[in-house]
Amino acid sequence: FLKNMKQEREIHFIINRKDVEQITQKIMSCGFNFEKKIAIKDIYSDDDNFSLLKSKRGFRERTVDNSDPEYIYKEMKNRKIYEKNMNRKEFIKKTKNLKSRINIIKERNIFNRGKVEIVIDNMGKIGCMLEIECKNGDPKKILKEINFPPKLIERTTLGCNELALLNKLK
């Protein structure tokens, strides 16, 4: 099944809301251009025990700026994230028995340089995240190039959905 899925090349960081401006300046000083700000609504479907999330899998319905939703299945294997686009009918069939939902509303700032995208997500009470994604290549090389001061970013293997669930359980 994984051979039919696209592998994501990205790394995530938890950042403090008060440091977003300083992080933004650092990104732009390395030749990244601010592309746009978008509003995202993600809905992750799961069972009552959040078994999918715990097993590093998930079904996500994403709406960007009130457009038609896109449906994605994601899975982590060997510390690599894979994703597969689904049509609505297939998504509903796979998620019809999943009654629990994790809803995440976020404001995303997108920065680009060639085939590298950096995003800063502000997720309200959940917090802020920084993501470096490369279409080709290694995001760790970009991280090294930008050289963020260590106090500004904290590496995480958690995604937004896991942070939202942790926030929900507090």
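**Buried charges, a nonpolar core and a surface patch**

Lys 106 is buried, with a relative accessible area of 4%, and in this predicted model that value lies under the 20% limit below which a residue is called buried. The side chain of Lys 106 forms a salt bridge with Asp 42, and the closest N and O atoms of the two are 3.4 Å apart. This pair links distant parts of the chain, since Lys 106 belongs to strand β7 while Asp 42 belongs to strand β3 (residues 33–46), 64 residues apart. Asp 42 also counts as buried, at 0% relative accessibility.

Because Arg 108 lies in strand β7 and Asp 121 in strand β8, the pair ties together parts that are 13 residues apart in sequence. Arg 108 is counted as buried at 9% relative accessibility, and Asp 121 is buried as well, with a relative accessible area of 2%.

Lys 56 is partly exposed, with a relative accessible area of 32%, whereas Glu 162 is buried, with a relative accessible area of 12%.

From the charged pairs we turn to the nonpolar side chains. The largest nonpolar core has 21 residues, of which Ile 23, Ile 27, Phe 32 and Leu 130 touch the most other members. Two or more residues of this core are given by each of β2 (10–15), α1 (20–28), β8 (116–122), β9 (128–134) and α4 (139–146), and the largest share, four residues, comes from β9.

The surface, finally, carries a patch of positive charge, in which Lys 89, Lys 93, Lys 94 and Lys 96 gather. Lys 96 is found in the loop between α3 (88–95) and β7 (100–113), and this lysine counts as exposed because its relative accessibility of 52% is over the 50% limit for that class.

Notes:
Residues numbered from 1 in each chain as written. Predicted model: local features only at pLDDT ≥ 70, side-chain atom pairs only at ≥ 80, totals over all residues. Heavy atoms only, no water. Patch = residues over 30% accessible without salt bridge, like charges linked within 9 Å, V, L, I, M, F, W, Y side chains within 5 Å. Areas by Shrake-Rupley, 256 points an atom, 1.4 Å probe, with all protein chains shown as cover. Salt bridge = Lys/Arg side-chain N within 4 Å of Asp/Glu carboxyl O. Lys, Arg positive; Asp, Glu negative; His and termini not counted. Charge placed at Lys NZ, Arg CZ, Asp CG, Glu CD. Buried < 20%, exposed > 50% of the residue type's maximum accessible area, 1.4 Å probe, protein only. Core = buried A, V, L, I, M, F, W, Y, C linked by side-chain atoms within 4.5 Å.
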